[in-house]
Amino acid sequence: DEAFEMAGNSHGTVAVALNMNITYVAAASIGSILQAEAKEQSRSRRTATYDIRVQDNSGQLIAICQALVYRKDDKLPFVDEDL
């Protein structure tokens with residue numbers, strides 16, 4: 001969820017989730033460290049789609065997710081436009 005949030009809002013404007021489809025491929029072991037990576041697959045003025053994969057510290061695939069956001073015109077409140 002956090003990887004999706006970061007990717008969706010990475011363009012400086014507010015993005016809100018429209019849909020998420022998660023498939024759990026394997027159970028994570030107790031004590032394992034999970035890493036999620038979100039990749040933007042497409043982006044238009046109003047929507048964007050993401051492919052998100054979660055792996056454990058041994059590289060085993062734990063979950064895959066396809067997600068869709070609606071991109072609003074509102075600027076994120078913490079974006080410094082001088083950067």
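Predicted model: local features only at pLDDT ≥ 70, side-chain atom pairs only at ≥ 80, totals over all residues.
**Entry 1: overall layout**

Reading from the N terminus, I get the order α-β-β-β-β. The C-alpha trace spans about 40 × 25 × 15 Å along its principal axes. I also checked burial, and 24% of the 83 residues count as buried. Then I turned to contacts with a separation of 6 or more: residues 24 or more positions apart account for 58% of them.

**Entry 2: the nonpolar core**

Which residues make up the largest nonpolar core? I listed ten: Ala3, Phe4, Ala7, Ala15, Ala48, Tyr50, Ile52, Cys65, Ala67 and Val69. Helix 1 (2–8), strand 3 (47–56) and strand 4 (61–75) each give this core at least two residues.

Setting aside neighbours within four places in sequence, I find Phe4 in contact with Ala17, Met20, Ala38, Tyr50, Ile52, Ala67, Leu68 and Val69. Tyr50, Ile52, Ala67 and Val69 are core members too.

**Entry 3: alanine 15**

Is Ala15 buried or exposed? It counts as buried because its relative accessibility is 14%, and the cut-off for buried is under 20%. Ala15 sits in strand 1 and belongs to the core above. Again leaving out neighbours within four places in sequence, its contacts are Gly8, Asn9, Val69, Tyr70 and Arg71. I also checked Ala15 against Leu76: the two are 61 residues apart along the chain, and their C-alpha atoms are separated by 9.1 Å.

Val16, Leu18 and Tyr70 make a nonpolar surface patch of about 250 Å². Leu18 is placed in strand 1, which covers residues 13–24. Tyr70 was already in my notes as a contact of Ala15.

**Entry 4: salt bridges**

How many salt bridges does a search of the whole structure find? My count is five, and I followed up some of them.

- Arg43 and Glu40 meet through their side chains at 3.3 Å, N to O. Arg43 is partly exposed at 48% relative accessibility, and Glu40 is partly exposed as well, at 32%.
- Arg53 pairs with Asp51, with the closest N and O atoms 3.4 Å apart. I noted Arg53 as partly exposed, at 39% relative accessibility.
- Asp73 pairs with Arg46, and here the closest N and O atoms are 3.0 Å apart. This pair links distant parts of the chain, 27 residues apart: Asp73 is in strand 4, while Arg46 is in the loop between strand 2 (34–43) and strand 3. Asp73 counts as partly exposed at 48% relative accessibility, and so does Arg46 at 24%.

Key
Residues numbered from 1 in each chain as written. Heavy atoms only, no water. Patch = residues over 30% accessible without salt bridge, like charges linked within 9 Å, V, L, I, M, F, W, Y side chains within 5 Å. Areas by Shrake-Rupley, 256 points an atom, 1.4 Å probe, with all protein chains shown as cover. Salt bridge = Lys/Arg side-chain N within 4 Å of Asp/Glu carboxyl O. Helix = DSSP H or I, 4+ residues; strand = E, 2+ residues; numbered from the N terminus. Buried < 20%, exposed > 50% of the residue type's maximum accessible area, 1.4 Å probe, protein only. Contact = heavy atoms within 4.5 Å. Core = buried A, V, L, I, M, F, W, Y, C linked by side-chain atoms within 4.5 Å.
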